[in-house]
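Hello,

Here is the structure I promised to pass on to you. Please open it beside this email, and then read on for what turned up.

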Amino acid sequence: MPNELTTLYRPVGQAELNLIRASGFREFPPRLPEQPIFYPVLNEKYATQIAHDWNAKDTASGFAGYVLRFKVRTEYLSGYEVHTVGSVEHREYWIPATDLKKFNDNIVGKIEVVAEFHGK
């Protein structure tokens with residue numbers, strides 16, 4: 001398990017993508033005070049659903065939704081539970097904001113944009 005990687009996805013809006021881009025696509029930005037949990041998801045379909053149906057229609061997201069794909073060391077993730085929220089496709093990790101730096105340290109390679117959606 002030490003060398004195994006898990007592919008995860010994250011739907012984001014424009015502002016968060018801009019911060020990720022500024023990091024060289026190497027890390028996720030710190031959470032805002034009202035965001036105590038970081039939610040990476042386990043499949044692209046779920047991330048796409050959020051980016052398309054929520055972010056692209058949301059003023060706070062800049063009417064833009066992006067699906068990001070990245071790899072994380074499986075051994076690190078073993079310390080966290082997978083949560084199902086809704087259907088069996090809606091699976092995600094709940095990473096406390098205080099653990100985000102260590103989460104970022106366990107990303108291997110770059111964060112990739114695999115889809116984008118734009119609203120109004």
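**The pocket**

Strand β1 (5-12) and helix α1 each supply at least two residues of the lining of the largest pocket. Please keep in mind that this is a predicted model. Which element gives the most to that lining? It is α1, with four residues. The space in the largest pocket comes to about 620 Å³. Its lining has 25 residues, and those closest to the centre are R10, E16, R31, Q35 and N55. Sorted by class, the lining holds 14 nonpolar, five polar and six charged residues.

In soluble globular proteins, nonpolar side chains tend to be buried together. The largest nonpolar core here has 21 residues, and F28, L68, F70, V72, F103 and I111 have the most contacts inside it. Two or more residues come from each of β1, α1, β3 (64-73), α3 (74-77), α4 (100-105) and β7 (107-118). Strand β3 gives the most to this core, with five residues.

Leaving out residues up to four places away in sequence, F103 touches L8, F28, F38, P40, F70, V72, Y76, L77 and I95.

There is also a second, separate core of seven residues, with Y9, Y46, A47 and A51 among them.

**The aromatic rings**

How many aromatic pairs does the structure hold? There are seven. One of them joins F28 and F38, whose rings are tilted, with 5.0 Å from centre to centre and 55° between the planes. F28 sits in the loop between α1 (14-22) and β2 (37-38), while F38 is in strand β2, so this pair ties together parts that are ten residues apart in sequence.

Next, look at Y39 and W94, an edge-to-face pair with 6.3 Å from centre to centre and 85° between the planes. Y39 lies in the loop between β2 and α2 (44-53), and W94 in the loop between β5 (91-93) and β6 (95-96), so the pair ties together parts that are 55 residues apart in sequence. Y39 is partly exposed at 35% relative accessibility, and W94 is partly exposed at 36%.

Enjoy exploring,
Your colleague

Definitions and conventions: Residues numbered from 1 in each chain as written. Predicted model: local features only at pLDDT ≥ 70, side-chain atom pairs only at ≥ 80, totals over all residues. Heavy atoms only, no water. Phe/Tyr/Trp six-rings, centres within 6.5 Å; stacked < 30°, edge-to-face > 60°. Buried < 20%, exposed > 50% of the residue type's maximum accessible area, 1.4 Å probe, protein only. 1 Å grid on protein atoms, 1.4 Å probe; cavity = no way out; pocket = protein on both sides within 12 Å on 5 of 7 lines; lining within 4 Å. Points joined across faces, edges and corners; volume = space filled by probe spheres on them. Nonpolar A, V, L, I, M, F, W, Y, C, P; charged D, E, K, R; others polar. Core = buried A, V, L, I, M, F, W, Y, C linked by side-chain atoms within 4.5 Å. Contact = heavy atoms within 4.5 Å.
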